[in-house]
There are 2 protein chains.
Amino acid sequence: MLEQAAGLLAWDEQTYMPPGGSADRARQKAALSGVIHERLTSKDMGRLVRALKKRELSADGVIILRETERNWRRASSIPNDLVREIAHTQSMAIEAWARARQENKFKLLEPWLGKMVCLRQREAECVGYGDVPYDALLDDFEPGAKSRDIDAIFSRLKAKLVPIAEKILGEPQPAPVKAPGKCPLEGQRAFIMQVCTSIGFDLGRGRLDTSPHPFTMGAGNDVRITVRYDECDPTYALFPALHETGHALYEQGFLEKYSGTPLAEAVSAGLHESQSRLWENMVGRGMPFWSFHYPGLQKAFPGLKKTPLPEFYRGINAVRRSFIRTAADEITYNLHIMLRYDVEAAIFGGKIKTGEIPSYWNERFEEYLGIPVPDDARGCLQDIHWAVGSFGYFPTYALGNLYAAQFWAAIRWRVPGLEECIASGDTGPLLGWLRKNVHRHGKRYRAAELLEKATGEKLNEDYFIGYVKEKYGPLYGIRL
Amino acid sequence: MLEQAAGLLAWDEQTYMPPGGSADRARQKAALSGVIHERLTSKDMGRLVRALKKRELSADGVIILRETERNWRRASSIPNDLVREIAHTQSMAIEAWARARQENKFKLLEPWLGKMVCLRQREAECVGYGDVPYDALLDDFEPGAKSRDIDAIFSRLKAKLVPIAEKILGEPQPAPVKAPGKCPLEGQRAFIMQVCTSIGFDLGRGRLDTSPHPFTMGAGNDVRITVRYDECDPTYALFPALHETGHALYEQGFLEKYSGTPLAEAVSAGLHESQSRLWENMVGRGMPFWSFHYPGLQKAFPGLKKTPLPEFYRGINAVRRSFIRTAADEITYNLHIMLRYDVEAAIFGGKIKTGEIPSYWNERFEEYLGIPVPDDARGCLQDIHWAVGSFGYFPTYALGNLYAAQFWAAIRWRVPGLEECIASGDTGPLLGWLRKNVHRHGKRYRAAELLEKATGEKLNEDYFIGYVKEKYGPLYGIRL
């Protein structure tokens with residue numbers, strides 16, 4: 001419950017807080033996270049966990065205890081002074097990162113990055129790990145995941161995906177979607193609201209607002225998404241809105257009776273991302289979806305009137321060599337991620353020092369994407385993740401894409417008439433399948449287990465590869 | 001800081017929270033207030049207070065310690081089970097109150113009211129008091145105030161005000177302000193925003209939003225006011241907006257260096273109310289203010305084009321016999337309050353039982369206002385205060401009016417050309433005086449002390465009486 005309160009403070013900071021409120025908000029957040037950490041690591045919590053472990057518990061109780069113990073153990077194993085030092089380094093590093101990116105000077109960030117890596121290594125030692133320290137960090141975002149498994153799956157994915165990407169990138173690219181004229185924000189907002197609610201976003205238990213970076217806040221029956229708008233670009237707000245709606249549908253799909261317990265919490269960052277990517281890409285960049293919604297978009301953006309649907313469809317699925325991860329298409333996106341994973345693995349494996357990040361990054365980028373990095377601002381300085389110390393987060397983005405493709409394959413198999421449904425504006429059967437097989441379980445299963453239960457198979461990158469081939473072959477008129 | 005976080009949760013609940021969020025929000029608020037109470041009453045807090053009392057402290061430190069000790073003593077003296085029982089009774093009583101008011105059945109509320117009075121009596125015993133238990137409740141809202149003093153001032157006020165009210169109410173009443181046609185909310189909001197910022201509300205450190213009941217939330221440099229709108233009524237949102245802006249100007253006038261300490265907190269409920277009433281009534285229902293702002297209002301409400309300013313001025317100052325406190329004019333408002341104080345004093349003095357509230361209320365209402373109460377919904381069931389157990393709050397409304405009139409007299413004396421300034425749209429000198437003499441002190445002085453320092457005199461109801469006579473005599477063309 002206190003975590004939900006902290007979520008609201010963060011949401012408000014990005015949406016409605018007046019500029020003068022920053023310093024007080026920082027203090028409010030610090031006070032609240034201090035209390036949360038204090039309670040999580042208190043002796044009472046330890047006593048409670050130990051007492052409950054001796055009891056006979058219901059199946060639900062077992063899960064709740066397992067997750068509570070997990071959080072308590074992890075939090076208690078990290079000394080308070082390390083927690084404080086990481087928090088302090090974060091705020092300094094974020095400032096340094098913003099300046100470094102603006103001035104395109106990696107050196108401004110480097111010392112903070114070095115310190116942050118060192119602190120997170122200490123954290124890994126405190127928390128403990130099986131094979132390598134990096135696993136302790138990974139485990140924070142993707143419980144149960146191991147570098148060993150990610151290495152294996154990423155190397156197979158890379159071997160299959162790079163040639164496909166090269167083939168597609170060798171073809172003439174479709175024109176990006178353009179709509180002359182402007183679409184006032186209110187009209188865009190109304191269209192997005194209509195689309196998001198039509199796929200199941202429940203405004204009785206949620207909101208849509210505006211913030212500098214789109215995000216989702218979930219607090220039980222109160223799930224809020226944000227987007228940002230561009231008056232001249234018909235898809236600028238749209239795809240992030242579908243992405244966040246995917247996250248929100250997951251949060252709104254938890255069972256109310258479990259509210260406030262781990263059984264109404266996301267399995268992992270990767271699993272959460274699978275839900276957002278499924279709605280954004282598999283559904284939202286698909287032809288069935290737009291054969292229903294395109295007239296509405298054309299109405300909102302009259303500049304699209306002269307763009308026929310097939311041209312729009314090709315435009316929103318253009319594959320490009322680009323420098324910025326967040327703007328990448330669904331093919332090259334995973335390459336951006338694997339590159340970041342390589343860097344993280346090299347740092348925490350002791351292969352490189354933080355000072356060597358730019359050269360290591362640039363080398364790999366050219367290998368994966370086939371173009372040289374023009375500067376660090378468009379290279380290793382583009383993301384905030386490392387400045388806040390979130391090592392181990394990036395791989396969950398690619399895992400999310402792989403999970404999504406595997407779910408999607410299962411759904412196409414098990415939901416008869418799926419594409420006709422979507423083309424008629426009815427995504428109910430699809431959402432029903434996700435609710436039943438994914439959402440309602442909360443943290444009952446680990447991601448790998450849930451995926452296998454839902455799809456009948458362990459994680460297999462071939463579903464993503466198959467999805468890409470089947471979609472992009474016809475789109476580009478080539479054999480992949 | 002945690003109190004500020006709790007303030008935001010409450011603000012959001014009234015403004016942006018989706019309807020489905022209620023149950024989770026109630027749990028979040030309960031968890032947070034549990035933590036706040038726990039910390040306030042912790043042994044560490046006791047140790048800290050005792051240790052600091054042995055030290056030599058700065059003048060600021062002395063105040064901070066005094067207020068911290070006061071809060072700690074009060075909170076620690078109330079047993080946890082009593083705190084929980086009051087909270088639980090509150091939620092039950094609020095439900096019962098809403099039903100009782102809707103069905104006009106006092107009996108539905110009565111048992112809860114009886115229980116609440118008993119619980120608050122127990123609280124008063126735990127907290128301790130000088131003369132009478134009621135003082136312990138009063139002290140929660142108006143530190144240092146005593147029933148004895150309030151009895152004295154209210155009885156003098158009543159003796160002077162009732163004849164004035166009767167005289168005015170015997171005159172033909174001006175027509176209420178009407179504006180044929182509608183004013184869309186956006187236009188109203190823009191006008192209100194312009195007026196509120198012109199008198200000093202700082203949007204860099206505040207917001208204006210919409211909620212079912214207007215209120216102000218202050219959290220350091222983040223002070224938010226809310227109003228509600230009526231498309232057909234040009235003053236429905238306006239005066240509450242000025243009222244809340246008065247509260248907000250107080251909160252925004254605390255010194256930033258004291259943020260998070262009692263030196264950046266309101267002295268008392270009455271002092272807070274004096275600031276809202278001063279801006280709402282002394283400024284906002286005055287001729288100088290409207291001689292500047294009326295053209296803007298006429299622009300927003302074209303239906304006012306045919307209403308000349310003097311007619312509008314008389315309309316917004318019409319005095320009426322009415323049943324509902326929140327809709328009362330500034331003359332009869334204090335009568336509504338004194339009636340409620342009589343009831344509270346009678347209950348806590350053991351003179352009547354909760355079952356006798358309606359008859360006691362109705363008798364006194366006719367005595368003060370000269371009309372019979374038609375039903376309890378428009379009588380003793382109209383306010384939520386008693387259902388939530390806020391006995392001792394009502395008198396602070398009248399104290400606020402008296403403080404405001406005394407400040408206003410001092411300001412008129414000490415700020416040369418005040419009315420000309422206001423008439424030229426410049427309320428800067430007025431705000432400057434309030435900042436210097438009231439706002440910046442936070443809780444440094446008790447209300448009585450602050451009032452005396454600022455105005456050179458102890459609380460004296462004659463300033464209010466003088467204000468009323470001077471304003472309403474000419475307005476009604478009579479000698480008061």
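A: Let's start at Leu459(B), which sits in the loop between α19 (447-455) and α20 of chain B. This is a predicted model, in which local features need pLDDT of at least 70 and side-chain atom pairs count only at pLDDT 80 or more, while totals for chains, interfaces and linings use all residues. Residues are numbered from 1 along each chain as its sequence is written, and chains are lettered from A and ligands numbered from 1 in the order in which they are written. Helices (H or I, at least four residues) and strands (E, at least two) are DSSP runs, numbered from the N terminus.

Leu459(B) counts as partly exposed because it has 18 C-beta neighbours inside 10 Å. On this scale, a residue with 20 or more other C-beta atoms within 10 Å of its own is buried, one with 12 or fewer is exposed, and one in between is partly exposed, with C-beta atoms placed from the backbone. Setting aside neighbours within four places in sequence, Leu459(B) is in contact with Ile153(B), Leu402(B), Gln406(B), Ala448(B) and Leu451(B). Contact means that the C-beta atoms of two residues, placed from the backbone, lie within 7 Å. Tyr258(B), by comparison, is 201 residues from Leu459(B) in sequence and 28 Å from it in space, C-alpha to C-alpha.

Next comes helix α8 (residues 147-169) of chain B, which bends by about 25° at Lys158(B). That bend is the angle between axes fitted to the seven residues ending there and the seven starting there. The buried residues of α8(B) are Ser147(B), Ile150(B), Phe154(B), Leu157(B), Leu161(B), Ala165(B) and Ile168(B). An α-helix has 3.6 residues a turn, so residues three or four places apart point the same way. The buried residues of α8(B) pack against α7 (134-141), α14 (333-348), α16 (394-414) and α20 (462-476) of chain B.

Three of them form an open sheet in the order β1-β3-β2, with mixed pairing; strands pair if DSSP finds at least two bridges between them. At the edges are β1 and β2 (216-218) of chain B, each pairing on one side only. β1(B) and strand β3 (residues 223-227) of chain B pair in the parallel sense over five bridges, and Arg207(B) stands opposite Arg224(B) in β3(B). Helix α10 (residues 238-252) of chain B lies across β1, β2 and β3 of chain B, running at about 170° to β3(B). Such angles run from 0 to 180 degrees between N-to-C directions, using lines fitted to C-alpha atoms, for helices over the stretch in contact.

Finally, here is how chain B meets its partner. In all, 31 residues of chain B are in contact with 31 residues of chain A. On the chain B side, α1 (2-15), α2 (22-40) and β1 (206-210) are the elements giving two or more residues, and α2(B) gives the most, with seven. Chain B can be laid on chain A with an RMSD of 0.0 Å by a turn of 180° and a shift of 0.0 Å along the axis, superposed by least squares on the C-alpha atoms of residues with pLDDT of at least 70 in both. The two copies are thus related as by a two-fold rotation axis. The same surface serves both copies, with 100% of the contact residues of chain B recurring in chain A.
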